[in-house]
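Morning, everyone. I'd like to walk you through one model today. Let me put it on the screen.

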Amino acid sequence: MSETAAPRASALQARLAELSRFARAFRRNPLGMVGLFIGLLLILAAIFAPWLATHDPYAPDFGGRLTPPGAEYWLGSDELGRDIYTRILYGSRITLFIVALVIFTSAPIGLFMGVISGYFGGWIDAVLMRITDVFLAVPKLLLALAFVAVLGPGIVNAALAITLTAWPPYARLARAETLAVRNADYINAIRLAGASPIRIIARHVVPMCTSSMLVRVTFDMAGIILIAAGLGFIGLGAQPPLPEWGAMIASGRRFIFDQWWVAAMPGAAIFLVSLGFNLLGDALRDLLDPHAVRRT
Amino acid sequence: MSEIEIEGLSVSYGEGRGQRQVVQGADIAVEKGECFGLVGESGSGKSTILRAAMGLAPQWQGRIEIAGVDARKGPRPAFLRKVQMVFQDPYASLHPRLLIGEAIAEPMRVNRLPRVAERTVELLEAIGLTAAHRYRYPHELSGGQRQRVAIARALALDPEVLLLDEPTSALDVSIQAEVLNLLNKLRAERGLTYLIVSHDLAVISHMCSRLAVMKEGRIVETLGREELTTGAAAEAYTRDLIAASR
């Protein structure tokens with residue numbers, strides 16, 4: 001028992017050493033740290049929303065309708081007298097949920113399609129990539145709109161609709177990475193061990209795709225948040241009274257000149273979060289992009 | 001019957017009008033325990049012969065039989081258990097995301113061999129590294145150490161034959177001798193047969209008892225070490241090659 005435990009600890013040590021090396025390099029990028037901070041802020045806001053909130057996100061208070069930002073309503077109140085600060089906090093849960101659902105569905109689908117396509121080539125490649133092209137040919141928001149129109153509005157449907165539009169770029173990326181490594185000598189070496197294509201792909205090709213996938217995913221989080229907010233804005237995403245940021249902007253649209261905070265506050269939240277993910281993605285790309293990486 | 005038998009091997013890349021004949025009618029026979037060299041300038045097709053033998057070149061005609069297993073008709077797993085290959089560039093032949101120990105263990109895992117962990121350590125020690133190197137990444141090793149690991153990986157399936165594709169050309173001169181001596185030692189200890197490709201006659205003469213000279217996809221001459229050291233080659237091209245390496 002102890003014999004198997006000791007080497008595992010050491011292999012773990014090797015991976016931890018790599019991780020801390022990466023963390024040290026990442027810390028040297030101040031903008032990346034800002035992005036990471038914003039991302040963590042979003043996660044913490046989502047987790048601790050009930051404790052950080054000052055009001056009930058759903059209960060209307062008609063005495064305090066459209067109050068400007070102040071001591072009672074930190075970021076003002078909306079047309080039903082609900083606290084915007086509280087609603088933004090709860091909205092971060094919806095945002096995170098949509099982003100996570102989209103990423104955890106679209107990235108694996110794209111990775112699978114791309115790696116299979118790139119590794120086997122030939123007619124498999126042609127068929128899979130033409131399917132990908134069809135999805136890529138339609139503007140993202142339009143395609144998402146069409147799917148939501150079919151599936152019906154709602155958070156999960158909005159996320160699935162975004163997934164349908166988000167996987168093709170991952171497939172293209174994974175295919176490109178696979179093409180770059182499939183004839184590398186280290187892949188040839190494992191072929192010469194007699195490994196099956198499934199094993200080669202899963203254990204040797206996929207790990208080479210993960211870093212550029214990670215960079216891409218981080219960038220896409222910003223885009224996903226914008227599309228989700230866009231769907232919410234036109235009423236096809238989260239439905240009232242859910243405090244989804246896009247839907248909140250939509251409801252504030254009517255009084256944007258007189259009660260600017262109703263639309264501006266959730267707008268600022270969307271802006272801040274997508275900026276954060278972009279900064280994070282930039283920093284990760286600087287560290288992980290195989291085309292910029294020094295030969296080690 | 002020889003350990004390595006290559007008869008009438010022709011290899012081409014591409015299709016249709018773009019097709020290029022890289023190797024034409026090569027015959028090579030290497031006895032068991034022998035080290036046979038293959039020299040020639042860049043593009044003469046010497047590496048392609050090794051790749052064809054290992055099934056890494058797409059189209060080839062002729063017959064390749066190694067350790068009694070036919071490369072085309074024989075069972076692939078049995079063939080790979082008999083013969084393995086060491087690649088030229090140790091910076092490109094080790095998976096950057098695999099620990100050294102995993103890289104050496106992987107062929108054994110694929111073939112479901114027993115005692116993987118113990119054998120990994122034995123192999124590391126056989127090539128002059130230590131058990132602690134299991135938990136290193138390739139980028140933490142020097143070029144010479146990496147090439148040793150690549151050799152250990154090739155030995156993981158306990159083959160009878162190693163095909164060595166310019167095993168030292170990517171290394172510093174001071175490291176080259178170390179790796180060549182290691183290869184000589186392993187051959188003596190394990191009774192291996194080598195087919196070694198190099199553009200460097202010094203490497204070949206250090207390692208091999210016989211060699212073949214290739215030019216433009218053809219084997220122009222096969223000669224022994226004595227002819228190499230005395231420069232008594234029959235072909236003018238070979239004499240030029242020997243003179244150039246002096």
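Strand S1 of chain B, residues 4-13, pairs with S2(B) in the antiparallel sense, over seven bridges. One position to look at: B:Glu5 stands opposite B:Ala29 in S2(B). Keep in mind that this is a predicted model.

Now the whole sheet. It is open, with four strands in the order S2-S1-S4-S5 of chain B, and the pairing is antiparallel. Which strands stand at the edges? Strand S2 (20-30) and strand S5 (69-70) of chain B do. Each has a single partner strand, so one side of each is left without a neighbour in the sheet.

Next, the helix. H1 of chain B, residues 46-53, lies across S1, S2 and strand S4 (59-66) of chain B. Helix H1(B) runs at about 105 degrees to S1(B).

On to the interface. Here 26 residues of chain A are in contact with 30 residues of chain B. The two chains bury about 2,500 Å² between them, with 57% of it on carbon and sulfur atoms. Three residues lead on the chain A side: A:Asp185, A:Tyr186 and A:Leu192 supply 27% of the area that chain A buries against chain B, more than any other three.

What about charges? Four salt bridges are found across the interface of chain A and chain B. B:Glu106 forms a salt bridge with A:Arg199, with the closest N and O atoms 2.8 Å apart. Helices H1 (2-27), H7 (185-191) and H8 (197-233) of chain A each supply at least two residues of the side that touches chain B. By class, that side of chain A has eleven nonpolar, seven polar and eight charged residues.

Technical notes
Residues numbered from 1 in each chain as written. Chains lettered and ligands numbered in written order. Predicted model: local features only at pLDDT ≥ 70, side-chain atom pairs only at ≥ 80, totals over all residues. Heavy atoms only, no water. Pairing = 2+ DSSP bridges. Contact = heavy atoms within 4.5 Å. Axes fitted to C-alpha atoms, helices over the stretch in contact; angles between N-to-C directions. Buried area = accessible area lost by both parts, 1.4 Å probe. Salt bridge = Lys/Arg side-chain N within 4 Å of Asp/Glu carboxyl O. Nonpolar A, V, L, I, M, F, W, Y, C, P; charged D, E, K, R; others polar.
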